[in-house]
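Reader: I'm new to reading structures, and I'd like to go through one slowly with you. Could you put it up, please?
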Amino acid sequence: MAGASGGFLSGVNDPWLKPRLLRAVVAERLPQPGGAELPPVELASLLNAVRTHGLLTEGITDCAPANPKLTEAWRAAVDSWVERVVALVESDSAYSCWLGTCFLGVTFQECSNERFAESYSNWYEKILSNLQEPSSLQLVTLISCTSMSDLFVRLAKFGNLKKEASSFAGRIVEPVLQILNENGLVADEAIDLLRTIVKLYPSSVNRHYNKVESAIAAKVMGTEVNVKPSEKFARTLALLPSVRVSEDSWSLMIQRILIVVNNLLNDAFIGLEDEKNGHDIMLLLVPPGVDPPPILGDQIRSGGNVHVTKKFRICTVPTISALMHCCSVMLTSYYPVQVNVPMRALVALMRRVLLVDGSLHKKLLPSTTSLHQELICFELPSLHSTFLDLLNATIKGMRSQLLPHGASIIRLITEYFKIAKLPTLRTKAYSILQMLMTSMGVGTALHLLETTVSNAIADLNDDCGSEMAIISTNPSKVTNESSSKKFSKKRKQQPQVENSIVSGSEKAAISPRKRKGSCIQYTSEGMARENTGHFRISTPLSVKIAALETLETLLNVGGSLRADQWRSEVDLLLINVARSACNQGGSYGPKISTFGEPSISDLQLASLKALLASFLSSPYARPPYLAKGIELFTKGKVEIGTKLADFCSHALRALDVLTHPRALSLEKAVPVGSGLNYSSQGKTVFGDQPQAMEVEDMYDNWLTSTKDDEPAEAPVNVNATGTNTVGTTLEDRRQLDPIAEDPIIDPPRVTAAAQGAPSSSNSGVNMVDASAEEIAKHKTVDNPSSSNAVSAPVYTTNSDSQRHTQFSHLENRSPAVNVPSSKLGTSDEVSDVPVASGFHQAPEGRSTSFAELFGSESGVDSGSEDSIPDIVDGDPDSD
Amino acid sequence: MATPPPKQLVLAASSADAGVASWDLRTGAEEIRHRPCASRPRALASVADRFLAAAQAPPSGSNSGTVHFYHWDKPQVAVKSFPAEPIRALIADQEGSYLIGGGSNGNLFLWEVASGELLHTWFAHYRAVRCLTLYDYLLVSGSEDGGIKVWDLITVLDEQSRLEAQTPYLYSFNQHALPVTDIACFLGAIVVSSSEDQTCKIWSLSEGRMLRSISFPTSIDSVALDPRSHVFYAGGRDGKIYVTAMGVDISSHGSDDSSILGALDDHSKGVTSLASSTDGLLLVSGSEDGNVRVWDTRSQQVTRKFKHSQGPVTNVLIVMPKRVNVPPLHPLRKLCSANGKVETRSVILPRPENDVPIPGNRTSIFMERYFDELQKYGGSSRLFDSGLNTQNGTHSQQGEWKGRYLELQDLFVHEVLDQMASSRNP
């Protein structure tokens, strides 16, 4: 061993390096007690050296034969380090003491188990004396709290030292409380230490329970702390029931908190709500005939001499938020025994706060002043935010237990959406929708469908994400304000569609077209438009992202739920938002991003995620905007190294099932949706179509021409011919148009796939082409008149005529496909009959016998398939 | 030291009083037998694998049923409950918060497990409820009258929603001509029902309609889904288990092949109950001949055969018992408490995974931040000079230093602490 004698080392991994380095550090770099201040750079590098090289670990792992000389040398080096650090701690110089305590804290973390077990009591006393000495500098007290906390965290890993550790923890409580009560500036670190102790050694706090509780309650409910530390206090308060673990102590704590908050609200909401509310909640919390529990923070009369207006702002609201934060923590964190939650009171309290919108209650009390109202309205957002967090925590904590209260929470959040206009609140409200839908599943989606869809559409459907975001206070008005003269006629009907979710299939059929008129318009010339004096307000990105995420959740949870009512509109919206988001991201120009705000790339990601969900959950055999979506995903995939690229490659993989219409053998997983959904769709479609046509004629003519003569895939062909930007806009419109007719498109597509699959010589590309042509043909057959009016009056451009010719070309070709496809179309019902040819090779021996047995009965089956309208009648919603 | 894989048990109950037998699925060894228990089909439920609940067939002549709870490790009944009418079908939700029973008079009962409270009971079918299943919180009930109804439990449990809803149920399906014997549901809100009318029908809950109907040569008494959801197994009264395709292979249109792909056959008497393992490799069937068979679904062979009793096996389950401390079980109440005013006991179970660890190495984090900050403000800390002077200085100086100190303190420390907080809880 060369390193032993002080010669050359064998390299950076030579175990002798460490004792030598440590010796050098102690001898040359660590100051003597009372020594001069070191520059922070030097200290930082010292700390770094100790931690990077693990100088204090004394762990010789990769040195196979135990080398007593090395061990000895290292131990001596660490001994000298510890000696010096302790000397620093004991020094009279405040700086040395501070520095010593810092390095002692580092030693707790880094030193070997043996050394820690040997000397922890000694170290504990050193730091304790720091804490107890009232004259010591605040910084020293602060670092003492921190390193003491580290000591206990390390100590907790020694199971055999539990008893000693517990008694140490007990001894520290009093000094910490004293610091907490006297010294506002280090209260933050002191409460951290207290929290560590309560968490790790709850029994040691038992003796001091009342003192601890009142000290924390005083801090939480007092006036002098600002919001941030009081969150820490709230977390510690939430931990207190674990000092005396029992079902009751937990419930009692939450009960007392709710009572305090309820009482505070009584004063605050005078005149703004039914004054019975507070009383009712109190009855739920403390049933008649039961003794009320001691009031939390009884002796605290905070802000007694502060003016009433100031008191509300600096005292009431922070106290409420801290206490509610405490509740949230209690609801979501681990408690060793099963506990009861006063759910009714909790829900009632949330309802009480969230539904106060600042308007005066019917009976205007004389005690309410406009000043008071103004004051409440000023603080209302922060109150709402707090209670939304609480609602979030409740859903998270209660899980399935929420079910009996599910309906009331759903009602609450639905009503709240009408109040929530501020971006932060709206974002939070959306996250609660997501939470509800994921936690309680498809049933919740049924209830939240309307709220989600109507609000998300209102939020997303302005200009599809402008960078010049101006905060919107009333998203539902946005589209109205932004309407340009050109579209004003059509826009008149828009609010109905947005505010009340499409109630019938006619509306679903109209709205996409109108919407697209505006949307595409803005994406193509949005910037120019904004400069033309129309003062536009758009929804902030954070709200849009939240809306997209909520739609994604909805699609995932209940994508095919009552699909005819909302899917077409949402699918169209999502492709539009995704396209415009991706266009914006790629454009040059100044991108303004506010710190802490989501950027346009977040919007891109959220919109693509929602788009994928829309594709994968499509109730139709092939989602309508698949081609455009794949284009976006393919583009996004190129952005190597971004989340977007990761997601896009994932999305393309996920879409594999849809893009390759191969006949999966039944041995592999058959996607349930695509295999089962196509039957009998023709029926509903034929019912819808005439309605859709009529209504469109009523509203506007100029788009009708291009409406349904082009299938979703067709623009792929057109793009191949090369088009300019305006042309793209037009195509977009056309491509996005046929949404109302999608159900029509689907059955032929399936048959196309069915046709393509058996003849294995067909490549995938050919199949797509074939289906596109067929659809085109189908359309022309269905609406022979519509394709003639292609020449739209507004945009008579080069590409338009190009497209037109392209299209007529398609038409010309289509008769060739006509014959087989019409056959296939009629065979639609036939294919409803359960068939399994992909599988019947394998177990043929078995299955043939059954086939023979039931040959006749499968005929009966197909008959029963025809009776599907009866089943639909059974659906209460179709009544 | 790898922990042994959790033990999987096959449970079986019979309509004859032969108790609930259990066998280790891996070794085949018979384990504890819970007695007494005589259950009709679909009346055995594992409550989130925490304990076992079994509705008892009423003794002949009597019209009162009981529900038994058993702890995993004790053979005797832990708690007996006496519901208002004999329970034919019993299920628990995934988290074991609720038990739902279907009565022989066509009523449904929803109990909260933690308190035993009857949260709600409602009239569902004209005749006995034979089978139940849950998809999220959509309850699907199948009845002896051939009807299938889908209930949204959120609506069912809330008075106001009940009043607002047009119908008490979400959907009502009447395509089955004879009693519905079993229901299973799977991903994508797909439900498969079997019936004595010799068909199985596939339903979509999100669309609220029947997707397909498949005919069999015999009455089907039970269905189980392969977890990969491409096939399901239908246990026939002729002793065969039919392997049936869920979807239709679109490439084979025109041919009138049946969806029945094959059958597992061990020449037993009627197959009364089926359970599929979570990996889809094993299928457990209970038969009227009193045997429980474990099938390898790939080779389609019986790999184990357990003798339960002479009487017909009516229920089989595959469970992974969780031997946790179950809070004391409460008997299920017979009636809803007065005016529904009672506070439901919403409980939070201990969830160790929610435990947030106390962060260690605070000191180093603090130091790193602190040094960074100090460097920003001129390289060296004056705090300690000031601190020393404070101790030694005159009163006026002290005040001045103190002010300066506090200012710096605010500047440094709180910035540091804020950053620490944000770095710790991102």
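This is a predicted model: local features need pLDDT of at least 70, side-chain atom pairs count only at pLDDT 80 or more; totals for chains, interfaces and linings use all residues.
Author: Let us begin with two helices of chain A, where α4(A) passes α5(A) in a left-handed crossing, left-handed meaning that the near helix is turned anticlockwise from the far one by less than a right angle, and right-handed that it is turned clockwise. Helices here are DSSP runs of H or I with at least four residues, strands are runs of E with at least two, and both are numbered from the N terminus.

Reader: OK, and which residues make the contact of α4(A) and α5(A)?
Author: From α4(A) the contact uses Cys97(A), Thr101(A), Leu104(A), Thr107(A) and Phe108(A), while α5(A) brings in Phe116(A), Trp123(A), Ile127(A) and Asn130(A); contact means heavy atoms within 4.5 Å.

Reader: At what angle do the axes of those two cross?
Author: Helix α4 (residues 94-110) of chain A and helix α5 (residues 113-132) of chain A have axes that cross at roughly 150° and come within 11 Å. The axes are lines fitted to C-alpha atoms over the stretch in contact, and the angle, from 0 to 180 degrees, is taken between N-to-C directions. That makes α4(A) roughly antiparallel to α5(A), given that angles over 145 degrees count as roughly antiparallel, under 35 as roughly parallel, 65 to 115 as roughly perpendicular and the rest as oblique.

Reader: Changing topic, is Lys69(A) buried or exposed?
Author: Lys69(A), which is found in helix α3 (residues 68-90) of chain A, counts as exposed because its relative accessibility is 58%; exposed means over 50% relative accessible area, buried under 20% and partly exposed in between, with a 1.4 Å probe and protein chains only.

Reader: And how many helices and strands does chain A have?
Author: Chain A has 38 helices and one strand, and 57% of its 879 residues count as buried.

Reader: What about chain B, how many helices and strands there?
Author: Chain B comes to five helices and 28 strands, and buried residues make up 60% of its 426 residues.

Technical notes
Residues are numbered from 1 along each chain as its sequence is written. Chains are lettered from A and ligands numbered from 1 in the order in which they are written. Side-chain values use heavy atoms; hydrogens and water are left out.
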